[in-house]
Amino acid sequence: MVPDRVPYLYISGASFSGSTLLAFLLNAHTHMVSVSETCGVLPHRLIKGIDEYRCSCGERLLSCPFFIDVQERIREQGSTFDLRDWKNHFRLADSLLFQRLLTRPTPWGWSELLRNVVTPLFPGAARREREIAARNLHFARAVLEVSGKRLFVDAQKDPARVRFLSRIEELDLYVIHLVRDARAGASSYMKHNPANDARRGARRWLNANLTSDYARHHVPASRWMRLRYDDLCADHQGVIDHISDFTGTPRAAIPASFFETPHHIVGNEMRLAGTGEIRPDNSWRKRLDDVQVDVVRRVAGAANRRFGFDWP
Ligand SMILES: [Zn+2]
């Protein structure tokens, strides 16, 4: 039985910070469930189209019994929902500029006040927010019902979601800012898109982590925690116990074969190729030369220290 206020853990942070690994680990917890990215499959991952896209259980997403059940239960609660296009992303304006204005976390308290005044001026924005909020709530409730678990974990990472989730009264919201060392983060952005040099990679890391940090103002201090990827790799059971305590969920042992327990996870490619072995990815040491490391230090070094790393 899902309580009236749905227990909801949101993972915010930059891409390539280990959120899919964390989603797998938490989904192997007796009382937690995650499909990883709650906004569904990103267009760039649909190389063969949605009809051929595989859920991590091995089934095609559109014929996965878990997701078909979830879809039915969302519709029973009164939201429109289609596995082909989940529409859980808080897209309030068609223009990218206005979308940023209405949704991007900032360090200034007044911008929130301004946003509350400006949003109703955009035709349909308030109605869109209500619809999307309801669909996200119904999605979490449906996943909890189908899985029989008690804490829903959303690993979408987008910092802008924190504000919108915090405005849904029926959610009992907790937030984790998952962060990885700036050199590793910048190097991953460079690896996945050759258009990113060290400066751009570091800037993207910085941007995502600063906006995640600004978003903490949307939840009480007791509902916010920062987690370093390295700590997760060093002692994953200790970290998962800490997350259990943080969210008021009973602790549970994560099985060594956590990759083999049933998962219905969408998102990055590691979900189909994982071995279950957890070790920190330090390949940036081979990919970045001294000049590039120095660029990362100048762009993102101060923030890296502030987020708890001992470099630079
Ligand atoms: Zn599945």
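This note goes through the fold, the sheet, the last helix and some backbone details.

1. Basis. The model is predicted; local features are given at pLDDT of at least 70 and side-chain atom pairs at pLDDT 80 or more, while totals for chains, interfaces and linings use all residues. Residues are numbered from 1 along each chain as its sequence is written.

2. Overall. The protein chain has 13 helices and five strands (DSSP runs numbered from the N terminus: helices are H or I, at least four residues; strands are E, at least two). Its radius of gyration is 19 Å, close to the 20 Å that the globule rule gives for 312 residues, so the protein chain is as compact as a globular protein of that length (taken over C-alpha atoms; the rule is 2.2 Å times the number of residues to the power 0.38). The C-alpha trace spans about 55 × 50 × 40 Å along its principal axes. Of the 312 residues, 43% count as buried (20 or more other C-beta atoms within 10 Å of the residue's own; exposed means 12 or fewer, partly exposed in between; C-beta atoms are placed from the backbone).

3. Sheet. Five strands form an open sheet in the order S2-S3-S1-S4-S5, with parallel pairing (two strands pair if DSSP finds at least two bridges between them). Strand S2 (32-34) and strand S5 (224-228) are the edge strands, each pairing on one side only. From one strand to the next the twist averages 25° (axes are lines fitted to C-alpha atoms, for helices over the stretch in contact; angles run from 0 to 180 degrees between N-to-C directions).

4. Pairings. S1 and S3 are joined by four bridges, and tyrosine 10 has aspartate 154 in S3 as its bridge partner. Three bridges join S2 to S3; methionine 32 stands opposite leucine 151 in S3. Strand S4 (residues 171-179) is joined to S5 by five bridges, with leucine 178 opposite leucine 227 in S5.

5. Strand S3. Seven of the seven residues of S3 are buried. On one side these are Leu151, Val153, Ala155 and Lys157, and on the other Phe152, Asp154 and Gln156. Lysine 157 has a positive phi of about 80° although it is not a glycine; lysine 157 counts as buried because 24 other C-beta atoms lie within 10 Å.

6. Helices on the sheet. Helix H5 (residues 125-147) lies across strand S1 (6-13), S2, strand S3 (151-157) and S4, and runs at about 115° to S1. H8 also packs on the sheet: H8 touches S1 and S4, and its direction makes about 145° with that of S1 (residues are in contact if their C-beta atoms, placed from the backbone, lie within 7 Å).

7. Helix H13. H13 (residues 290-306) has 17 residues and reaches 22 Å from first to last C-alpha, close to the 24 Å expected (1.5 Å times one less than the number of residues). A kink of about 70° is centred on alanine 300 (the angle between axes fitted to the seven residues ending there and the seven starting there). The buried residues of H13, including Val296, Val299 and Ala300, pack against helix H7 (182-192) and helix H8 (198-214).

8. Backbone details to inspect. Glycine 308, which follows H13, has a positive phi near 100°. The peptide bond from tryptophan 311 to proline 312 is cis, with omega near 0°. Serine 36, in the loop between S2 and helix H2 (65-76), has a positive phi near 70°. Serine 36 counts as buried, with 26 C-beta neighbours inside 10 Å.

Notes: Two residues are in contact if their C-beta atoms, placed from the backbone, lie within 7 Å.
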